[in-house]
Amino acid sequence: MGETIRSVRGMRDILPAEAGAWRRVESVARDCLESYGYREIRTPIVERTELFRRQLGEHTELVEKEMYTFEDRLNGESLTLRPEATVSTMRALLEHGLLAGRRRQKVHYCGPMFRHERPQQGRHRQFHQIGAEAVGHAGPNVDVELVLALRRMWARLGIGGRVRLKVNNLGDASERAAHRRELTEHFRRNRERLDEHSRRRLETNPLRILDSKSEQTRAVAEEAPRLDAHLGGDSRAFFDGFLGGLAAAGVAHEIDHRLVRGLDYYGKTVFEWVYDGEGKELTLCGGGRYDGLAEQVGGPPIPGCGFALGTERLVSLLADPEGAPAGAGRPDVFVVAPAAHFAAGLGIAEGLRDRGMSVAMDDECGSFRSQLRQANASGAAFAVLVGDEEVAAGEVSVKPLRDESGQFRIGAAGLADRLETLRDNGA
Ligand code: HAM
């Protein structure tokens, strides 16, 4: 036997036992977002590298270290597996003229993203996001709407009490630049107290030092000048509008001045929903406003706001992540047929499937006893027996498996109707 080939590190299988929870999460999210007028968009998993490099920020962790980038062997073009979907969504909306003439779009998406991070609790290299983007909407009402859609989602999934909302105001580009200068000064003065990693970030992305997990650096970050002091009237008014909307809708939130987010395209509103993992805070969902992104992608100035949540993290928060909806995976009927009548049995199974029932069979045609045992173990409500006598008479025998009512024979033509009636009567 050859060596077993295992999955790639950081990329995991979603097995049938979990798939029910995934489907539930995705369907609740879709229903919820569509009830706010968001429509689905699906963009390719592979995009040109330059799309991400500039828009996410040359000096972000993501672009510097985490992108799965490769050369297309056929034409040498540099391609990247998407690490997130906001930028692709903007590209697609612009490319297809969906924002022309000041048109606005509200879209949602779900699918795999790829980041070459160190795998650990809640962190994978292939992970999934469910996200939404409101493009062309100047806010802040739409920023509030996105938060409300998320609050509704958490409630429907029964985790409303386990997540907290943090918000912050990142202001506009010139306010951030002024803050950045002051911040760099502060960190330079305290260079000796910073950890290795943060010292390197000092020249490239000082804002990210605020997010550092290192104890010693955190102390320096605590004393750092705040962006708050640089915010002008317009930025403040915008954020007040956002906070006012949250208050009017009764959404509890904390203002966290250290919340900066890891991608460069954000300005004004940013928010995160967090929960307590094993010993550390994990972010379930992050989002915010990106009014400059459309221009960076080569379009006209068009505002936008959105979020993405980590599906793995959301599924892990459900009370019973492995809990498929009751009955999921159980067939309605198990057709028992010996090898000689397999074709007849298959015909009956197909007829029942045409009527919307789920039907299992033993395709190895085991003994009658073995097939009956499989039927019982499958959880099916009925076994349909296709034996010599039945086939000769153009009939089948029906054996109810979940109650004590007796076995009976019926013409094959009337089988589906009869099973439906029995099922509707609670068999
Ligand atoms: P993000 O904060 O990079 O934002 O990712 C959003 C969420 O994806 C995170 O809060 C986390 O739950 C999940 N996530 C990120 N990386 C991983 C990972 N390696 N393993 C598991 N889960 C992960 C964005 O991606 C933005 N595009 C969100 C957005 C949309 N902003 C505006 N519109």
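**Ligand shell**

I sorted the shell around the ligand by residue class and got 10 nonpolar, 10 polar and seven charged residues. The model is a predicted one, and I read every entry below with that in mind. In total, 27 residues surround the ligand. I noted the closest: Glu-84, Glu-117, His-124, Glu-133 and Tyr-266.

On the side-chain side I have Thr-86, where an N or O atom sits 2.8 Å from a nitrogen atom of the ligand. Leu-284 places a backbone N or O atom 3.1 Å from a ligand oxygen. For Gly-310, a polar backbone atom is 3.3 Å from an oxygen atom of the ligand.

I then checked how much of the ligand is covered. Its area taken alone is 660 Å², and the protein buries 95% of that. Which elements give two or more residues to the shell? I found strand E6 (126-135), strand E10 (281-289) and strand E11 (304-310). Of the elements, E10 gives the most, with six residues.

**Cysteines**

I searched for disulfides, with the cut-off at 2.5 Å between cysteine sulfur atoms. The count came to zero. I followed up on two cysteines. For Cys-110, the nearest cysteine sulfur belongs to Cys-32 and is 14 Å away, and Cys-110 is in no disulfide. Is Cys-305 buried or exposed? I wrote down buried, since its relative accessible area is 0%.

**Backbone geometry**

Most residues other than glycine have a negative phi, and most peptide bonds are trans.

The peptide bond between Gly-139 and Pro-140 is cis, with omega at about 5°. I placed Pro-140 in the loop that runs between E6 and helix H5 (141-157). E6 had already come up in my list of shell elements.

Where does Arg-261 lie? I located Arg-261 in the loop between strand E8 (254-255) and strand E9 (267-276). Phi of Arg-261 is positive, near 70°, and the residue is not a glycine. Its relative accessible area is 14%, so I marked Arg-261 as buried.

I logged another positive phi at Cys-365, near 50°, again in a residue other than glycine. Cys-365 belongs to the loop between strand E13 (359-361) and H13. At 22% relative accessibility I put Cys-365 down as partly exposed, because buried requires under 20%.

**Ser-370**

Why does Ser-370 count as buried? Its relative accessibility is 18%, and the limit for buried is under 20%. I also took the C-alpha separation between Ser-370 and Val-336, which comes to 9.6 Å. Along the chain these two residues are 34 residues apart.

Technical notes:
Residues numbered from 1 in each chain as written. Predicted model: local features only at pLDDT ≥ 70, side-chain atom pairs only at ≥ 80, totals over all residues. Heavy atoms only, no water. Buried < 20%, exposed > 50% of the residue type's maximum accessible area, 1.4 Å probe, protein only. Near = heavy atom within 4 Å. Polar contact = N/O pair within 3.5 Å; in protein donor to acceptor, adjacent residues only side chain to side chain. Areas by Shrake-Rupley, 256 points an atom, 1.4 Å probe, with all protein chains shown as cover. Helix = DSSP H or I, 4+ residues; strand = E, 2+ residues; numbered from the N terminus. Nonpolar A, V, L, I, M, F, W, Y, C, P; charged D, E, K, R; others polar.
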